Amino acid sequence: MQGEDPFDEGATGVSILRQPKAVWATAGASVVAFMGIGLVDPILPSIAQGLDASASQVSLLFTSYFLITAFAMLVTGFVSSRIGGRKTLLAGLALVIVFAALSGTSSSVAELVGFRAGWGLGNALFVSTALAVIVGAAAGGSAAAILLYESALGLGMACGPLLGALLGDASWRYPFFGTAALMAIGFLCIAAFLKEQPKPAVKTSLLDPVKALGHGGLASVAASAFFYNYAFFTILAFTPFVLDMTPYKSGAVFFAWGLLLAVFSVLVAPRLQRRFGSLKVLGGSLVLLAADLLVLGYGSHTTAIVATIVSGAFIGMNNTVFTELALGVSDAPRPVASAGYNFVRWFAAAAAPFLAPKIEEWTDIHVPFVVAALAALVGAAVVGVRRTALNHEAEELEPVHAMEDSVTVFAE
């Protein structure tokens, strides 16, 4: 892998398009799973109006989703190491289907928040297992499989708001029913095409991810990612209320945002890492994200739209670098390290959607973005102060090589 460009077909030996049906089934379901994160973005104002709820109440759709996701990180490895990847995927999909459909039937915001929590559990089970399953079934080596997974992530993040806008323009309930239908198709495809893979030789305990955080480098990555995620989800959950646009227009903005996220995550970040090193890219991207948040908060409406879209570039780079640092900075088994890291950072994803509207109620509409910008700067400061702890494998780490190691350990 050293010196090769993982995005060149020659690096993998096989085109990522030449994959077994099992891989395409899992990747397709992954797209829909990631769509669920941004699905509600364009319809948040419509949900608030339809259920007679405030912005802070509707933002709990994200809070309940990610709070359950955070705790589920301690469970996913425990479950998949005992029942296998295929059954874990199907269990996660089944939960998403049920709770996405129930979300569309909600008669109050409290019901919808509760159903989104169940959705978050299902999504955590699926997403945390999908990468290992794709690598285990893929042709052309791990590099091709990981590129396919990252592409599914980016496509899902981009298409989620678009689907939410298209279906939500008729009724805020339709995006939930649409997601349930798409996930049902994914469930049938995985059940038909994916065979069970060997279970890991060593079973994961519930506390292994927490114990892994005792490593200084991993704890530093998780701490920095915590503050970064607060900034990230302030944009994702609070900005739709600030832009105050129709579902179509809001969906178009976040579709463009998602496209930038995908391009910078899959194509740009790895190249910048090879040239400048992971820590410099991460620190610089966090500072630029902070500046972008201030422009978003204090600019005109048009400027805020542009700043929202541009933030996708910084978020894409940060997502890639943070994941690779978390996987390579400690000597813990990669799936265990990843679970510990995600356990910490998803708490910020749960906090930001709740706190940002509250901060606006207590102050004004600009301050939530100032707080988010400060959080991004704190994340950058953690990277700078803890550079020594983070340097273990950080500067030399080949992005795809690190992810390849992670799924190899998981699949063994």
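Residues are numbered from 1 along each chain as its sequence is written, and side-chain values use heavy atoms, with hydrogens and water left out. Because the model is predicted, local features need pLDDT of at least 70 and side-chain atom pairs count only at pLDDT 80 or more, while totals for chains, interfaces and linings use all residues.

The protein chain holds 18 helices and 0 strands; these are DSSP runs numbered from the N terminus, helices being H or I with at least four residues and strands E with at least two. Of its 412 residues, 57% count as buried, where buried means under 20% relative accessible area, exposed over 50%, and partly exposed in between (1.4 Å probe, protein chains only).

Turning to the aromatic residues, 17 aromatic pairs are found in the whole structure. Rings of Phe, Tyr and Trp (its six-membered ring) pair if their centres lie within 6.5 Å, and the planes count as stacked under 30 degrees apart, edge-to-face over 60 and tilted for the rest. Phe66 and Trp346 are stacked because their ring centres lie 5.0 Å apart with the planes at 10°. This pair links distant parts of the chain, since Phe66 belongs to helix 5 (residues 60-83) and Trp346 to helix 15 (residues 334-362), 280 residues apart. Phe66 is buried, at 1% relative accessibility, and Trp346 is also buried, at 12%. Both belong to one aromatic cluster, whose members include Tyr65, Trp119, Trp172 and Phe233.

The charged end of Arg345 sits 4.3 Å from the ring centre of Trp346, and Arg116 lies over the face of Trp119 at 4.8 Å from the ring centre.

Elsewhere, Phe193 in helix 9 (residues 174-193) is partly exposed, with 40% relative accessibility. Beyond its neighbours within four places in sequence, Phe193 contacts Lys21, Ala22 and Ala25. The C-alpha atoms of Phe193 and Val23 are separated by 8.5 Å, although the two residues are 170 apart along the chain. Val210, in helix 10 (residues 208-212), is partly exposed at 37% relative accessibility.

Key. Contact means heavy atoms within 4.5 Å. A charge sits over a ring if NZ of Lys or CZ of Arg is within 6 Å of the ring centre and within 35 degrees of the ring normal.
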